[in-house]
Amino acid sequence: MPLSPSRVFAQLTTAERPARTSVVMRRAVVLGGSIAGLMAARVLSDHAEEVLIVERDPSDVDGGPRPGVPQGSQVHALLPAGQVQLERWFPGFAEEALALGAPKPPSDGGARAKIFVNGELGLPPAPSGAGPALITTRPFLEALVRRRTLAVDNITMVYGRADGLVFADGRVTGARYVPEGGAEPVVESADLVVDAMGRSSRLSDWLADNGWPRPPMRRMPIRLNYATALFRRDETVSDAWVAVYHTMAGRGRTARIGGINSVEGDRWIMLVAGYDEDRPSRDVADFVTRCREHYPQMFGDIAERGEMLGGVVTYHQADSRRRDFDKLDRLPAGLVAAGDAVASFNPVYGQGMTSATLHASCLSAYLRSGAAPHVQPARAYFERVRVVVDAAWQISTSADIELPHVDGPYPPGYRLTKWFGDLLFRASLTDPVLNDRLGRVTTMLEHPATLSRPGTLLRALRLGLPRRRPAAATVRAPR
């Protein structure tokens, strides 16, 4: 009997390192050297004699956001599930990050993690058990993942633009790329090719050009607009450590998101975001006004009195999207996809990097199952990935579908699910038990199905439903 999605998810989010691995292929090629590609390469190093990463961007990851990661300058969150996987594949990762300058959480860090929902201050997040939270910029984290990955003996990286796949006898046998500064494509043979080229992946076109079906794509038009700025951290301005602000649309409210992270270099990174026509600009005065008028006091204090380092950087994401490779009736052997090449979500929920680490866990489980990826299509891999994508998609789209400019598609049972989700969310703002259970789902430590357990359902109903006042006794006047 197949395992339930929640059981599969529990296996994928494990912190246990594989006890035994075996080499099942001579060579693997990974297209893309961002988080998804690096994590895939690390897993493949246990199963291939040689792993080659083809990365288009030769710029130094230590030097700031890379052109290939346009959202790299924005606030990023590594969810606890992602931190567990980084520690799993790179033992001592958190300790090394802290030694290199990642900020150490203060002793009262939990109390200084502020969560605002619809203007109300909720309970701080419960400890996740994943160790000290790593709160850094995207370039800092990616640089460390790259260093740790390329320190593995059988992994190498070359720079160039991926240019296509090589097909033969119903399978992918290699990949082409144009080296940096070169004109002629180079063909690299491979037993397995990993597409980790992100949202802009051209894999669907390459498949179609060679007679294979395109994976079905689903989109949700979120039209998200970000504006982010860095500030020198200064306790005389604010004692903010981490803050998350989320106002949902409805009842006269405009949907807005804000965030403050204390990051390496003794800095704050602060964002404000809106949807559709609500567009923060690069204008500093507009940024300051938004922080003061639409967000809690700490945002305005930092924007007005803090020392801004550089200017305001904006980013726009039109949609959340997913490619359902598991639904293809024909799929070549020797090929998998990972990270945003499979699915990318509304970034305000911080699921991107964490999903990429869990896709690596899917790849590990698949290769340890005795699979021969160069002989048979990797359907078992994509079935595992679907479990991860479904979980993240359910969390993010259940909120995004409420945006005024989003018109479906509505999932089956939407009204009942929304009613209970709202009930659970309201109760979690004041109840530590439900706050912890909901938090473990939103941070991808547990599958959303765990919230439907009887104990959680009953507790949410008891605490979330408005209590009726007892009816006043009726007093009859004497005749």
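Reader: Is Trp419 buried, partly exposed or exposed?

Author: This is a predicted model, and the value is computed from it. Trp419 has a relative accessible area of 44%, so Trp419 is partly exposed. The residue is found in helix H11.

Reader: Which residues make the nonpolar surface patch?

Author: Leu416, Trp419, Leu458, Leu461 and Leu465 make a nonpolar surface patch of about 500 Å².

Reader: How is a pair of aromatic rings described?

Author: Two quantities describe such a pair: the distance of the centres and the angle of the planes. In this structure, a search of the whole model finds 11 aromatic pairs. Take Phe345 and Trp393: the ring centres are 6.3 Å apart and the planes stand at 65°, so the pair is edge-to-face.

Reader: Which parts does the pair of Phe345 and Trp393 tie together?

Author: Phe345 lies in the loop between strand S17 (343–344) and helix H9 (352–368), while Trp393 lies in helix H10 (residues 379–400), so the pair ties together parts that are 48 residues apart in sequence. Phe345 and Trp393 are both buried. Trp393 has a further contact: Arg322 lies over the face of its ring, at 5.5 Å from the ring centre. Elsewhere, ring pairs link Phe116, Tyr245, Tyr295 and Phe299 into a cluster.

Reader: How many salt bridges does the rule count?

Author: A side-chain nitrogen of Lys or Arg must lie within 4 Å of a carboxyl oxygen of Asp or Glu. By this rule the count comes to 31 salt bridges. One of them joins the side chains of Glu50 and Arg27, at 3.2 Å from N to O. Glu50 belongs to strand S2 (residues 48–55) and Arg27 to strand S1, so this pair ties together parts 23 residues apart in sequence.

Reader: Are Glu50 and Arg27 buried, partly exposed or exposed?

Author: Glu50 counts as partly exposed at 29% relative accessibility, whereas Arg27 counts as buried at 9%.

Reader: Where do Asp163 and Arg176 lie?

Author: Asp163 forms a salt bridge with Arg176, with the closest N and O atoms 3.8 Å apart. Asp163 lies in strand S5 (residues 155–168) and Arg176 in strand S6 (residues 171–179), so the pair ties together parts that are 13 residues apart in sequence. Asp163 is partly exposed, with a relative accessible area of 22%, and Arg176 is partly exposed at 28%.

Reader: Which helices hold Glu304 and Arg292?

Author: In the salt bridge of Glu304 with Arg292, the closest N and O atoms are 2.8 Å apart. Glu304 is in helix H8 (residues 297–305) and Arg292 in helix H7 (residues 284–294), so parts that are 12 residues apart in sequence are tied together. Glu304 counts as partly exposed at 45% relative accessibility; Arg292 is partly exposed, with a relative accessible area of 32%.

Reader: Which residues are linked in a network of salt bridges?

Author: The network links Arg218, Arg322, Asp324, Asp326, Lys327, Arg386 and Asp390. Arg322 is also the residue that lies over the face of Trp393.

Reader: Where does Glu16 lie?

Author: Glu16 lies in the loop between helix H1 (5–12) and strand S1 (25–31). With a relative accessible area of 61%, Glu16 is exposed. Its C-alpha atom is separated by 9.7 Å from that of Glu87, 71 residues apart along the chain.

Methods:
Residues are numbered from 1 along each chain as its sequence is written. This is a predicted model: local features need pLDDT of at least 70, side-chain atom pairs count only at pLDDT 80 or more; totals for chains, interfaces and linings use all residues. Side-chain values use heavy atoms; hydrogens and water are left out. Patches are made of residues with over 30% relative accessible area and no salt bridge: like charges are joined within 9 Å, nonpolar side chains (Val, Leu, Ile, Met, Phe, Trp, Tyr) within 5 Å. Accessible areas come from the Shrake-Rupley method with a 1.4 Å probe; for residues, only the protein chains shown count as cover. Helices (H or I, at least four residues) and strands (E, at least two) are DSSP runs, numbered from the N terminus. Buried means under 20% relative accessible area, exposed over 50%, partly exposed in between (1.4 Å probe, protein chains only). Rings of Phe, Tyr and Trp (its six-membered ring) pair if their centres lie within 6.5 Å; planes under 30 degrees apart count as stacked, over 60 as edge-to-face and the rest as tilted. A charge sits over a ring if NZ of Lys or CZ of Arg is within 6 Å of the ring centre and within 35 degrees of the ring normal.
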